[in-house]
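This briefing is intended for a reader examining the structure residue by residue.

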Amino acid sequence: AMVFGNYGEESYFGSFYTRDRVTGEKGISGQFFMNAFDATEAPGQEISEIQSEFYNQLQNLAEEIEKHFKEIRQVRFTVESGRLWVIDQVAVPTKSTQAEIKTLLDLRKIGVVGDKYVTMSIKPGRLAEILHPVLDLKQAEKLPKIKGGISGAVGAAVGRVFFSTEKLLKTYKRAIQTNTDSNLILLMPATFAEDVKAIEVARGVLTSEGGYASHAPVVARSLGKVALVYPDIKFNKDHVKIGNRTIKEGDYISMNVPYYEEPTIYFGKVDLIEPSPEGSGLLEFLDVIENFIEDFDVHANADQPKDAELARLFKAKGIGLCRTEHMFFHEKRIDTFRSMIIAGDKKEREKALEKLKEMQVADFYKLFKIMEGNPVTIRLLDAPLHEFLPHTKESMRDFIKYMQKKYPGLDENEIRLRCDMLKEFNPMLGHRGVRIAISYPEIYNMQTRAIFEAAYTLKKEGVDVKPEIMIPLVMSANEIKTIKHGKRIEGASIKGIVEIEKEVRKQFKTDPIEYKVGTMIELPAAALQADKIARYAEFFSFGTNDLTQTTNGLSRDDFNNFFSDYNEFDILESNPFKILSEQVKELVKIAAERGRLTRPDIVMGLCGEHGAEPANIPFTRECGLNYVSCSPYGIPIAKLTIAQLMIQEKEKSSQ
């Protein structure tokens, strides 16, 4: 039969979605066209304005269609001479992840679908859409754009660009004071420790050097910011060129960095659609998938209280990596830390450490309290010391002023000389991690004492605390033995973690808490000596960022300069800093097996940036790890991957 919507005022053509395809809210959404054959013949009106008898019929129809197809559908209809006819209905490929999740949850409530169906219906990577802002793509279509680059931290960011931390922070402060636009983007060749504050207040960071595992993306992921590495950026005195486009400080750009698709930079300002985990259905969805997660779970990489709180919201089972070096980047702390690094003698260093200890006790207290009842793995200072030193003329000038105010007799040249003496030719393999503790035991002593003071304070308050102390960059059993149990030689000594704990416990006059000492396996030497290291380590955490660097001889900051060439000739199938390479997998497997031979109950996790990548999770299960740890915004993605994997494993075993 043929029906027509242009038979007069009682005839319509219309099209609607069974619910809002963006928000997922119940209720049909669409338009109808009075006395029209299709959408081109008349101006449209909101479907809610159609006659109530038709609206009710269409709403009932929408509910039945969703029950049948178990998803949002688009329906076209015609009303001819007062009678409703359905033309067709089709899938909606443009529906948002939020809308799809809310549809599944509503269908679950009325018994149409079960927990397994809901869990298996969403691809893990799609959750990134809910966790980060998205651009209004209709608006974005009107702007000039350039595609490409490396996705460092997914999401969307809009703001005015600034080419230095100093300029961005000044602009941000002025914007807050004057209540003007504070949406800013940091645009630099690369970032260092002193740029963390700018990344923290910015909407996003755009760099030309590095890759997925370089400084800017790693920090951005930990702070929930957007990061993009776009190599084709040329920096000039007062402007930059992105491709063929000239950008000046203060110009707007909009970055779209999706999970699977190619990133895009739009030249201009686009509106952002902000996410809300609480109103998106994500938290209820996580409740459902928790039913399938058993002996393998997700911990968080978290250094700040807000990271830990977000991790708890996303049901993380602990903190798998607290990078303590990130705690010193704050503008009120960095100069104190720098003064400790370049101290003229041990007495001067210990004076600075005493100030830092107060800060660290407060830091650990907050994290332990938020994560009550769950393990908190604190990695002692790891980064090369020179990373904390000033890298620009402005920051060096400010640091010299700080030092001369603190030590009036200190000469500027002496300050510069001390900073220069800490520079290394290959710092990533130089004086960092446990090596700092051997040279300057007082640094790790301060951190260890702060951990136990925070833990015992909370114990007295009745809070269940589970501290785990991680010693980084270990290459032999002797290193962890020395740091854990201490060592004395003629004229020198290193106080061990065990002794410091006893001293703090005595000070608090209380029973001992349970704590663990372990290490990060991030060097091939450590992986191969895992059986010996496990004599002293009660847990292993695989730091796969550095393990990838040291296994393959690749710099994560420089690799992307030639990765495209390797990719073009199919020499490397994927980025090894995102997808674990076979060589790294083999070392993880060897270390896990050897570690268990010595200590059968050893707990093992993977805490590199690889942990949130769904493609890596099946391997971590296969080699017997207990958890993966990733940035808070990666937790839902990792959890969904694990739940789906466990469902598939059960289905296979029952066949």
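The model is predicted. Its protein chain is divided into domain 1 (12-95), domain 2 (133-273) and domain 3 (293-324 + 353-382 + 437-654). The largest pocket draws at least three lining residues from each of domain 1 and domain 2, and a search of the whole structure finds two cavities of 30 Å³ or more.

- The centres of domain 1 and domain 2, taken over C-alpha atoms, are separated by 40 Å.
- The largest pocket holds about 1,500 Å³ of space.
- Its lining comprises 48 residues, and S96, E129, V134, L135 and L137 are the ones that lie nearest the centre of the pocket.
- Classed by residue type, this lining has 19 nonpolar, 14 polar and 15 charged residues.
- At least two lining residues come from each of the helices α2 (97-109), α4 (128-131) and α5 (137-140).
- The strands β6 (134-135), β7 (145-147), β16 (252-257), β17 (264-266) and β18 (272-273) likewise each supply at least two residues to the lining of the largest pocket.

**The second largest cavity**

- About 50 Å³ of space lies in the second largest cavity.
- Residues lining this cavity include A437, P441, Y444, N445 and T448, together with I483, I494, K495, G496, I497 and I500.
- Helices α16 (441-460) and α18 (497-508) each provide at least two of the lining residues, and α16 gives the most, with four residues.
- The lining of the second largest cavity divides into seven nonpolar residues, three polar residues and one charged residue.

- Strand β8 (residues 150-153) runs antiparallel to β12 and is joined to β12 by three bridges; A153 has A227 as its bridge partner in β12.
- Strand β11 (residues 204-207) runs parallel to β12, and four bridges join the two strands; G204 stands opposite V226 in β12.
- From β11 the chain passes through helix α8 (residues 215-223) to reach β12, a β-α-β crossover that is right-handed.

- Strand β13 (residues 233-235) pairs with strand β14 (residues 239-242) in the antiparallel sense over three bridges, with K234 opposite K241 in β14.
- These two strands, β13 and β14, form a hairpin with three residues between them.
- β14 also pairs with strand β15 (residues 245-248) in the antiparallel sense, over four bridges; V240 has I247 as its bridge partner in β15.
- The hairpin of β14 and β15 has two residues between the strands, and G243 in the turn has a positive phi of about 65°.

- V588 lies in helix α23 (residues 582-598).
- Is V588 buried or exposed? V588 is buried, because its relative accessible area is 0%, and the cut-off for a buried residue is under 20%.
- V588 and L606 are 18 residues apart in sequence, and their C-alpha atoms are 9.2 Å apart in space.

Note on methods: Residues numbered from 1 in each chain as written. Predicted model: local features only at pLDDT ≥ 70, side-chain atom pairs only at ≥ 80, totals over all residues. Heavy atoms only, no water. Pairing = 2+ DSSP bridges. Right-handed = clockwise from strand over helix to strand, strands pointing away. 1 Å grid on protein atoms, 1.4 Å probe; cavity = no way out; pocket = protein on both sides within 12 Å on 5 of 7 lines; lining within 4 Å. Points joined across faces, edges and corners; volume = space filled by probe spheres on them. Nonpolar A, V, L, I, M, F, W, Y, C, P; charged D, E, K, R; others polar. Domains from an automatic or database assignment. Buried < 20%, exposed > 50% of the residue type's maximum accessible area, 1.4 Å probe, protein only.
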